[in-house]
Amino acid sequence: PEEVTASYRRGRFRGFVRSSVAACAAARPVTVWKVRPGPDRALGTRSTRSDGFYRLLRARHPGRYYATVPTLLVPGVADCPSVSSPRFRIR
């Protein structure tokens, strides 16, 4: 199973990509999105560290947000699925 988390604290979006396969968590691109009417807006993308942690510096703006990780195929190791975090609100 694979999971991505997202939260906002002290001017940073942060979270983890967790997986039972280390190659599925390290150096994965994570995109943070703001929920809007129509298409959601991407705020930015950052790669995870070797431990699966990521952070994205952004000013605080009220709204609903979530993070996504795209599908990744690591030949001979794993097929890492795309995942989305639960949505959360900044007030």
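At 43% relative accessibility, aspartate 51 counts as partly exposed, a label for residues between the cut-offs for buried (under 20% relative accessible area) and exposed (over 50%), worked out with a 1.4 Å probe on protein chains only. The model is a predicted one, so local features are taken at pLDDT of at least 70 and side-chain atom pairs only at pLDDT 80 or more, while totals for chains, interfaces and linings use all residues. Residues are numbered from 1 along each chain as its sequence is written, and side-chain values use heavy atoms, with hydrogens and water left out.

Aspartate 51 has a charged partner: arginine 49 forms a salt bridge with it, and the closest N and O atoms are 2.8 Å apart. Arginine 49 is itself partly exposed, at 47% relative accessibility. A salt bridge here is a side-chain nitrogen of Lys or Arg within 4 Å of a carboxyl oxygen of Asp or Glu. By this rule the count comes to four. As background, side chains of opposite charge can pair when their charged atoms come close.

Another of these bridges joins arginine 28 to glutamate 2, again with the closest N and O atoms 2.8 Å apart. This pair links distant parts of the chain, 26 residues apart: arginine 28 sits in the loop between β3 (12-19) and β4 (29-34), and glutamate 2 in strand β1 (residues 2-4). Strands are DSSP runs of E of at least two residues, numbered from the N terminus, just as helices would be runs of H or I of at least four. Arginine 28 counts as buried, with a relative accessibility of 1%, and glutamate 2 is buried too, at 15%. The side chains of glutamate 2 and arginine 28 are also joined by a polar contact of 2.8 Å; that term covers a pair of N or O atoms within 3.5 Å, where within protein one must be able to donate a hydrogen and the other to accept it, and residues adjacent in sequence count only if both atoms are side-chain atoms. Setting aside neighbours within four places in sequence, glutamate 2 is in contact (heavy atoms within 4.5 Å) with Val17, Arg18, Ser19, Cys24, Arg28, Cys80, Pro81 and Val83.

A further salt bridge brings together the side chains of arginine 87 and aspartate 40, at 4.0 Å from N to O. Here too, distant parts of the chain are linked: arginine 87 is in the loop between β10 (83-84) and β11 (88-90), aspartate 40 is in the loop between β4 and β5 (41-47), and the two are 47 residues apart. Arginine 87 is partly exposed, with a relative accessible area of 47%.

The sulfur atoms of cysteine 24 and cysteine 80 lie 1.9 Å apart, and the link is left-handed, with -75 degrees about the S-S bond. Cysteine 24 lies in the loop between β3 and β4 and cysteine 80 in strand β9 (residues 78-80), so the pair ties together parts that are 56 residues apart in sequence. Cysteine 24 is buried, with a relative accessible area of 3%, and cysteine 80 is buried at 0%.

Then there is the nonpolar interior. In soluble globular proteins, nonpolar side chains tend to be buried together. A nonpolar core means a set of buried Ala, Val, Leu, Ile, Met, Phe, Trp, Tyr and Cys residues joined through side-chain atoms within 4.5 Å. The largest one in this model has 16 residues, and Val4, Phe13 and Val30 have the most contacts inside it. The elements that give two or more residues to this core are β3, β4, β6 (53-57), β7 (63-69) and β11, with β7 giving the most, three residues. Beyond residues up to four places away in sequence, valine 4 touches Phe16, Val17, Val30, Tyr54, Ala67, Val69, Val83, Ser84, Ser85 and Pro86.

As for strand pairing, which calls for at least two DSSP bridges between two strands, β4 and β5 run antiparallel and are joined by six bridges. Lysine 34 stands opposite arginine 41 in β5. The hairpin of β4 and β5 has six residues between the strands, and glycine 38 takes a positive phi near 80 degrees there.

Finally, arginine 89 lies in strand β11 and is partly exposed, with a relative accessible area of 46%. Leaving out residues up to four places away in sequence, arginine 89 touches Gly63 and Arg64. Arginine 89 and histidine 61 are 28 residues apart in sequence and 9.9 Å apart in space, C-alpha to C-alpha.

Terms used. A disulfide is a pair of cysteine sulfur atoms within 2.5 Å.
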